[in-house]
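Please examine the sequence and the three-dimensional structure shown here before reading on. The paragraphs below are intended as a guided explanation for a reader who is new to protein models.

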Amino acid sequence: MNHVFQGWEAVAVSLQQDTAQQRQLAEQGKPARLNAGQCDSLEAIAVRLTKHGVIVADEVGMGKTRIAVSLIRAVTACGGRVAILVPPVLGFQWQDELKDGGLSSPPILRSLGQYMEAWRGDDPDGHLPWFEQPLVLLTHAFANWRLGEGSARWRWALLPDLYAWWRKKTADSKRLPRGYYAGLAGEVTENVARSICQAIPDQPAHPLYQLMEQLQQQTPWPGALEAKNYMRDERLRPCLEQAVGLGMGCFDLVVIDEAHKSRHDGSSLSGLLQKIIQASPQARRFAMTATPVELDAGQWQSILARIGLADDRLQQIRDQVESYAIAVQQLRQSPSDAASRSRFRLAAGTFQHALAPFVLRRDKREDESVRRFRQAHGNPHADYRQQSDIAIDVEQLKPAWRQAVCAAEALSLLTCGASGPEMERLKRLRLTMGNGHGLAALLDAPNISEAEDQALLQELADESGAGSKTVVDGQTGKREQRAQWWSRVMQQPFAGVDGDTALFNHPAILAAVTAIEEVMARGDKVLVFGRYTRPLARLTDLLNARAMLRHLAQGKAWPQLKVHGDADAGAEQSLWPAVRAAHAQLASPLALDEIDSLLGQQYRLLQNQRRTRRRKLLETLGRGFSSALALGSHWQRAAMLYQAFCRSIVVQEQESDGDDEHIQALLSRALDELLGEALPVESPLRYAEAFAELTNALCERNEGDSDGNGELDANEADRLWPVLEERLRSEYRGGGGGVANLMYGGTEPRRRRMMQLAFNRPHSAARVLIAQSLVGREGLNLHQACRTVLLLHPEWNPGVVEQQIGRVDRVGSYWQRSLERDIANGVAAPDLPRIEIRPVIFKGTYDEYNWQVLRQRWDMLRAQLHGHVLPARSGHDPDWQRIVDEIAAAAPSFSPVRTAHGELPV
């Protein structure tokens, strides 16, 4: 625990040497790990970290993680220790980035049980205690421990064990406390406690020594042996968290990825920073986020607090931030007013001066591809992103849907300001009418009878001035009765229709389907975001059903033997409702009762094609890996798994031509789906590459590497392959894939990686990825084959939308490659590709108001971070353009390029 860190001046020198080397490689035309903008950032970071923490707020997709890895490497090279706090879903990608940067780390720390495992005496992998690791990677949710009176002792006993063994080490009596005996709380925690106590330096001034002494004073004895005291919000919970932190040792650098998440003090991330992560006297925090502010300018205070700013400095910054926000509002109200512009320039300068010492931000204006796009357009303000609404006009809807929308609006008036469980339910119904979530739930609810409906209507008609609080039959108020009647009006047009069937024909779903199929028709992919799982699932089913019917009508093969489920039983997993809806929508010439037969015929043709391919699979992969291994050692892991696969084939029974469940058949099918059916089998290196990506997606990071040397030997590969084989069977057994996949909260991490892999392959069968917002909006790289984002359910938070768009707007994206190709081919400026953003807006519903509010907040976000304070206008207006240019020049900028010349304070 008593490591020696050389200090931040030494780190600064190391970073400057690294960036100089990277610039030299770029000048020589050689591959460089960092681009020019990332080098600028690292040089600015080197100066700032000698004084305080830093927030890197680069726009999404500009390589913040690569900057962080370079910093981490410099800190560890100077003897420092680093903690990296990441969202749970990003651990796999962080480990990849660390490996690419030449760093190794223990497995990402996710749970208390995993924490304890590092001290097991019988650990065959010989993992070091956490306090001996130079780099610890752990999730934001690590401290979400559910402890209660019935919790196993090992889950809470670290604190009493530490108390006992520290007392034995430091007390004059050198004895354990009364009532304690070895193994009282369990052998595992005792080993951990003794190890920690022995490792804490015998220096009273050391921060870990002081923390241990503090815990001794705060720990009651024998009350520390009662499990109930460790429940959330109980008195010993913070002490337990600090005890766990002792076992990690002191850190010199704390990296916080997605630092905008969970801002409130009671969150798990805040708990990690305040109680568990122990800092050395000269520690620094390095926060990473593309959206340091999302909803209001006041959020600057919370993100700055995360890098350890003192309260008095935070208050000063808060005042300056608020002044800037007011100046922006006044400027937008009267941009032609010289006084408003003068106030804005003054406030912008003060705002920039306050934040520049702590905040660095590169935005897409500095991106080389964006510059080339604007140069090709001849307009320095041309936007490489294009937003075009998918608008649904209520007046153009069928009568049934118009009636439903009108009833929803009536509900909006009745439920406004109302309270009570039933009114809250009806209010949610009105709020989610536009996306189908509420309507589907309503249609699945028990319908009141026609007689009850008429009686309710008559009772309302006879009402004479009764207030909304009047009670009828001692139960229901008049206002609630009206709301129930209007919900009945919403149900009437869909009599006999369940919620799922209605969703297949919901105007928003159909509009999204039309837009998605237009993009697919030009050969591109679509990323869809939404909040509610049920509409997303029905959209997925409908896209797959429509694609299947089109393939069958055109005589094309479809990778599915039959429509799943019983057509009459209406099983939960049945695709028949989607097939029926798609059949009617497309006016398909196929007979519904012949679809399974046609699928069987086409599937047999596909089987024959695949059988021909897989006969050559082993030979093709062998040639591919022979070529790949000559290119570098990073192919070693995949090559060893390929050899394990070959050995497993030898010991298994010979494959029969009709055995589609044989591993060779499943693997061949998986590779075909990733590579595209049109790829010839005579592309061995491409097959080897696909095999490597497939096995990486099926594995956890470094899975199977039992000796921890970062490689697989033959024995390790042979033990791991059966596990991967079973996962492959689980993934590809049974029914075939479609054009659309759904990623939601219940999707397992391995399945998510498989979806990500397929979606990023340009020729793979997966053309549409439909992601629940909370699952797919941050961290995922989905940019290699897609430049279109469709927003099915618009969000309230513009930061969330920026993160969603950032999944496809990244360094090395499909858009960038398409732009380079089109510029080289002389494509006209108006036809150059853009990042396309397609929100679905249901006019006349709450969605439209929702989107207006979002756009206002988005404008403020752009003013805070992007320098976009005033909007451009169509047409040629030199006076307006002069004002826009004047304000843009005065807008705050936190670019490291400007700070490199000393123009901003550090």
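The protein has an average pLDDT of 82, and 84% of the residues reach a score of at least 70. Among the elements of the protein, the highest mean pLDDT, 97, belongs to strand β4 (residues 250-256). The lowest mean value, 39, belongs to strand β9 (residues 471-472). The pLDDT is below 50 over residues 459-476, although this stretch has 22 contacts in the model beyond near neighbours in sequence. Residues 899-906 likewise have a pLDDT below 50, and that stretch has 17 contacts beyond near neighbours in sequence. Where pLDDT is low, the predicted coordinates should not be read in detail.

Consider next strand β2, which spans residues 82-86. How many of its residues are buried? Of the 5 residues in β2, 5 are buried, and the strand is thus described as mostly covered. In a regular strand the side chains alternate between the two faces of the sheet. In β2, Val82, Ile84 and Val86 lie on one side, while Ala83 and Leu85 lie on the other. Both faces of β2 are covered, as these residues are all buried.

Which strands pair with β2? Strand β3 (residues 135-139) pairs with β2 in the parallel sense over 5 bridges. Within this pairing, valine 86 has threonine 139 of β3 as its bridge partner. Strand β4 also pairs with β2 in the parallel sense, over 4 bridges. Here the bridge partner of valine 82 is leucine 253 in β4.

The partners of β13 may be described in turn. Strand β11 (residues 525-530) runs parallel to β13 and is joined to it by 5 bridges. Strand β12 (residues 740-743) pairs with β13 in the parallel sense over 4 bridges. Finally, β12, helix α30 (residues 749-760) and β13 together make a right-handed β-α-β unit.

Note on methods
Residues are numbered from 1 along each chain as its sequence is written. This is a predicted model: local features need pLDDT of at least 70, side-chain atom pairs count only at pLDDT 80 or more; totals for chains, interfaces and linings use all residues. Side-chain values use heavy atoms; hydrogens and water are left out. pLDDT is the predictor's confidence in each residue, from 0 to 100. Helices (H or I, at least four residues) and strands (E, at least two) are DSSP runs, numbered from the N terminus. Contact means heavy atoms within 4.5 Å. Buried means under 20% relative accessible area, exposed over 50%, partly exposed in between (1.4 Å probe, protein chains only). Two strands pair if DSSP finds at least two bridges between them. A crossover is right-handed if, with the strands pointing away from the viewer, the path from the first strand over the helix to the second runs clockwise.
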